[in-house]
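Okay, thanks for coming, everyone. Let me put the structure up, and then I'll walk you through the two chains and how they meet.

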Amino acid sequence: MKFDLTAQVQSAGSAAGGSAPARDVALIARILGGERELFHELVRPYEKSVYFATHSILQNEQDAEDAAQETVLKALKSLSSFRAESKFSTWLISIAINEARARLRHARVLKFESVDQSPEEDNGSFTPAVITDWREVPLQALERKELREQLQKAIASLPEIYREVLLLRDVEEFNIAETAAALGVSEGVVKTRLLRARLMMQRILAPQLQSKKSGLFGLFRSKAGGSWF
Amino acid sequence: MVLNCKHVWAQISDYIEGDVAPELRQAIEEHLAHCRHCAAVLDSTRNILVLIADDRTFELPLGYGDRLHARLQEEITGSE
């Protein structure tokens, strides 16, 4: 997965969710014209994003997959209501998020828990882990299951509103406008949540990853000593 | 414009996005040049974001795509 935030933001420009790519517009027209089998091709590029969106909220593989399937079925049924001034992917992910949130609310009601368990967005400051220096963890280290689990666990530990925004922006690489459109919040809210989510991730992971530089990931150190590469 | 560490932390996400005004960017970079703590916070945050964006970090359940399209096909076939 390519990761160049600055370039991505610049190339995405200010398109609020952007207009639908020509490929999607053409496919949608044909599907609505009766070629319903083409819906498979329409959703295929986005099916991974749908799953990660539902999983970011439900935090359970089976529930996330069920919600992802329901999302795609709902999108098929309501495709005629899609408006091409937005991107199909943004529209689809907003359905996924609403579906997952509805399931989560239902589950909480069944468990007699508060429906509104997301933390309020307080105005308190979020501080990072203050470290003295940082030795980069290379991408090759992701071959180690331990590192992948640390990253997944850190994201899972974030409050829902921060997990959603981090998943869409930093994992699925939606731009700020698309993330805002999918979540139904303003771009300002996305930026505020993103700052906090990123600092929380740094605060959780930076001390863990640095403390393991001579142990867990020692494999990636050079013989000359010390380098991650 | 002189920034302290807390000012820099508050801007770090927008800075990573490339979404800060030129004057503010310059002030942040001047601070980073002299503050090893904030430089380490920036480097670690960027590094963590690169790691979580990698395809290897999050994997789909085995067979997810197949089950999704099978369910979709049922719907398409059933409604015809």
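So, chain B: read along the sequence, it goes α-α-α-α. That's 4 helices and 0 strands, where helices are DSSP runs of H or I with at least four residues, strands are E runs with at least two, and numbering starts at the N terminus. Before I go on, this is a predicted model: local features need pLDDT of at least 70, side-chain atom pairs count only at pLDDT 80 or more, and totals for chains, interfaces and linings use all residues. Residues are numbered from 1 along each chain as its sequence is written, while chains are lettered from A and ligands numbered from 1 in the order in which they are written.

Now, the overall dimensions of chain B. Its C-alpha trace spans about 65 × 25 × 15 Å along the principal axes. The radius of gyration of chain B is 22 Å, whereas a compact globule of 80 residues would come in near 12 Å; that's taken over C-alpha atoms, with the globule rule being 2.2 Å times the number of residues to the power 0.38. Of the 80 residues in chain B, 29% count as buried, meaning 20 or more other C-beta atoms lie within 10 Å of the residue's own, with C-beta atoms placed from the backbone. For contacts in chain B with a separation of 6 or more, 47% join residues 24 or more positions apart; a contact means C-beta atoms, again placed from the backbone, within 7 Å.

Over to chain A. Here we have 10 helices and 0 strands. Buried residues are 37% of the 229 in chain A, and 70% of its contacts with a separation of 6 or more link residues 24 or more positions apart.

How do the chains meet? The contact takes 49 residues from chain A and 37 residues from chain B. On the chain B side, α1 (5-17), α3 (36-53) and α4 (64-78) each supply at least two residues. Which helix gives the largest share of that side? It's α3(B), with 14 residues. By type, the chain B side divides into 17 nonpolar, 9 polar and 11 charged; nonpolar is Ala, Val, Leu, Ile, Met, Phe, Trp, Tyr, Cys and Pro, charged is Asp, Glu, Lys and Arg, and the others, Gly among them, are polar.

Last stop, inside chain A.

Just after α4(A), Gln59(A) takes a positive phi of about 60 degrees.

Conventions:
Buried ≥ 20, exposed ≤ 12 C-beta atoms within 10 Å, placed from the backbone. Contact = placed C-beta atoms within 7 Å.
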